[in-house]
Amino acid sequence: MTRRQFWLRFIAHLDRQLLLGISLLLLTSLLVLYSADNASWDRPLNQMRNIVVALAFMWLIANLPLHYLMRTAVPIYVLGMVLLIGVALFGDISHGARRWLNLGVTTIQPSELMKIGVPLMMAWYFEKHEATLTLKNYFIAALLLFMPIVLIARQPDLGTSLLISASGFYVLFLAGLSWRVIGGLFVAALASAPVLWSMMHDYQRHRIMMLFDPSQDALGNGYHTIQATIAVGSGGILGKGYLNGTQTHLDFLPERTTDFIFAVYSEEFGLLGNLILLSLYSFVIWRGFIITSHASTYFTRLMAGSITLTFATYAFVNMGMVSGILPVVGVPLPLISYGGTSMLTLLLGFGMLMSIETHKKLVKS
Amino acid sequence: MKKRVEFKNHQREIFHFQLRLVVGIGFLSVLLAILLVRFVYLQVARHSYYQTLSESNRIAVVPIVPNRGLILDRNGVVLAHNYSGYTLEINQNKTADIEATINDLSTLVAITNKDRKRFKKLLVESHNFETLVIRNRLSDEEVARFAAQQYRFPGVEIKARLFRDYPFGKKTSHLIGYIGRINDTEVDQLEENDLAANYRGSDYIGKTGLEQSYESDLHGTTGIEQVEVDAGGRAVRMLSRTAPVSGNALVLSIDAKLQEIAEQSFGNYRGALVAIDPNNGEVLAFVSKPGYDPNPFIDGIDTQSWDELNNSPDVPLNNRALRGQYPPGSTIKPFMALAGLNFHTRTPEQTINDPGVYYLPGSSRQYRDWKAGGHGSVNMFKAIQMSCDTYFYGLATELGIDNISNFLSRFGFGKKTGIDMEGETSGLVPSQEWKMKRYQQIWYPGDTVSVGIGQGYSLVTPLQLAFATATLANNGLAYKPHLVKEVQSPRSSENRFIAKDPLYDLHIDPKDLDLVRRAMVAVTQPGGTAVYASLGAPYHIAGKTGTAQVIAMKQGEKYDVKNVDERLRDHAWFIAYAPAEQPKIALVVLAENGGHGGGVAAPIARKVLDYYLLGKVPKPLADVEVKGGSEHD
């Protein structure tokens, strides 16, 4: 095997267009992180390590044939549920929420695993009953979604539970849940809003209230939103220039390397930068839809569609939250925010997309 | 067959799936549009608004308080200056239990009961974002002790500040006044006068005396530092700086040593002394006894000390020289004599017979002379020299109240002199209109009789009388009295002089003046009422004694010092100028409840004149050195 043959085989299962879009977003991440970290290399270097590890996993998953992927669905889901129950019983409390499970060697956040595990399980379930789908099957799939969500919402982690709900809902939606049921669910959701409200923790209610009037609590919870909105607005059309964001570099922006990194980007690169970023995301999402429409099996179609839609949702929710049209729910900007776990989850998802794209010929008879 | 159905189903299924995907894409497009609209709104439509917010986030404007101007006497002796020192201050927002904190602090730093009381008062008056002073003037040792324990007191800090200090304390309290913390009323006033910006960062403002009257000169111009701050409020770098301009220095016409001698010459008497250079209106000494120590007022005096000062029967807070209103008594006689000559009511040679009592024509009411049995045959010269009451009863009656009030007003009686200090009172020259307005009564001839000897309704302030005496000493050429000679700008040599030109000339006939002035010299010569005043003096003193009644005597009742409560005894006046031929100084002495002017007031005047004209320091004062402030600056 020549070097060239080896190389060709190495990249055989990587989707070039997806990889291009992802790489550009990851480069942006390093660029913005350097600025958000006050021109320090600490976080960019850490992030680079996170990226390398996540890319390796992405490559691995991309090379995994689809039937292996399907086979992982049940074990991952069951493991996820066990860990979630473990967290509920023995989890570490940090920032007033019980999200982490200390395994002795390392702490893990099982809710992160379920971002993949839930749609995977649901897609597997629909594939299993593809031929004889009845309303009952949708109900069971919904139950598969509902159980982990309740556990995660109780931690409490409203942001993650909402996002997993979204990814699960996308599977249901793509699996052909009838419009009537969707309409019914929508009405039911509206009707249950007061009930949900009463079940929420005070800080969750606070965040939602604040959305309507951040100035009400300008030094408390509103501070994040106000300062982020100021950063975005003061960026103007062309931005203040790289490393010149005053909101960023004078510490006015909280959590500016993680959830609020978009404010840093937007302050320094302005509306023009925002358009470029939205284009990059759109390109990746568009490629995701192409892959979805090519997908050969029911399972892979559902999986690819859900991954793509969920990715888009992440991006929208984060940018909406930073620019003050959504409550602060603690969702990172996908592929840009600092953090290893979300990077890994996202790239695992893209690995699956690539596997679905590159293994379809093998499945098709 | 079965395969065909499956195939068809598959096709339909794919179609349905694609449909769902298109719906999903449509959904995402809506979200994308929402984001785009939001970005354009924030970054284009509202950009300037958020730009402003971002700038105000980033830039803090820090005022730099200017140094307050110094106050110096005419020879450069420091009367008010600034020194830097340390204060211990409590930030009430960062301190949960203030009482406990103060108790803890008192184990490290001496905190007296007065400090606590003053702090409580500040706490009541303060705005809640201020840090408040619990202790002033910490010693180096105390600073070190606290610094070692500072971690225990998160809301307590040591600050270096410039302090105002009045080295002469009581002796110049009514002259210099004091500064104090700016109160709400003053904040409103500053805002009204558009001065609030210049007082950003300033804690103090002149409250009384020259500190108040010359506030606009003394304060200076506040500087501005624009600094970039981070979210924690720490200054990151300086963007621009406008240096503050120190306040102007005041050079007074006051002679500090003269002031000190005058103050001490009063001994235990309460009263006032105003000495003026008749040739230019410069006030040389400005004493009100008793004084008070102005220094505790600067950072808020404690309630107990305040009550003591405020409720004292001696009223130490009253500026007697400026605001005290007393009947002028016989000191008005030289001016009455001038009025008589001016209106040709009496000639100098005209004599009257003084039997010791005066009756208005057709009245049996007695107006007694101070000397039982009277002075016999008296002309104008002798009437002044011996202070003959009967002569002036008659003169006043002949002049009539209209002429009297007209003439006395020309000497400045009954109106403010316009001295450069706020709060002056105007005294009172009674007139028919005044009495009608005040009491709804007509003017009786008997009212005029009392006015003739400076009693009745007449009131003067020591300052007014000094101004009139100076005008007399200067042959009717009046200069507005002023305490500040020069306002020195710290930046340039453009110094401002206060009141250099004469106010007006009364154009008094020199012959009239000559008579009255000679008579006033005779007052201090054998046969006069203040002979001791000039005993052994190598220069001539022109003077006039006076006695102002505190209580009115009933008809037929005799005033006896022994029977009258100390505080109801007569006030002693003495007005004088010297040298009589070429006056360099004119002065007024008022000794409250001092009895006869010649006995108490004249000797005080003599000590002041001796120092000013001869440089002679009175014996008990010989070892008192004038303190200069130079070692502090």
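This is a predicted model: local features need pLDDT of at least 70, side-chain atom pairs count only at pLDDT 80 or more; totals for chains, interfaces and linings use all residues.

Mentor: Residues are numbered from 1 along each chain as its sequence is written, and chains are lettered from A and ligands numbered from 1 in the order in which they are written.

Trainee: Why is strand S23 of chain B largely enclosed by the rest of the structure?
Mentor: A residue is buried if 20 or more other C-beta atoms, placed from the backbone, lie within 10 Å of its own. Strands are DSSP runs of E, at least two residues, and helices are runs of H or I, at least four, numbered from the N terminus. In S23(B), residues 585-591, seven of the seven residues are buried, so the strand is largely enclosed. Ile585(B), Leu587(B), Val589(B) and Ala591(B) cover one side, with Ala586(B), Val588(B) and Leu590(B) on the other.

Trainee: Which strands pair with S23(B)?
Mentor: Pairing takes at least two DSSP bridges. S11(B) has six bridges to S23(B), antiparallel, and Ala272(B) partners Leu590(B). S22(B) has seven, also antiparallel, with Phe574(B) opposite Val589(B).

Trainee: How many residues are in the largest nonpolar core?
Mentor: A nonpolar core joins buried Ala, Val, Leu, Ile, Met, Phe, Trp, Tyr and Cys residues through C-beta atoms within 7 Å. The largest has 125 residues, and Leu587(B) is among those with the most contacts inside it. Helix H21(B) gives the most, nine residues.

Methods: A residue is buried if 20 or more other C-beta atoms lie within 10 Å of its own, exposed if 12 or fewer, and partly exposed in between; C-beta atoms are placed from the backbone.
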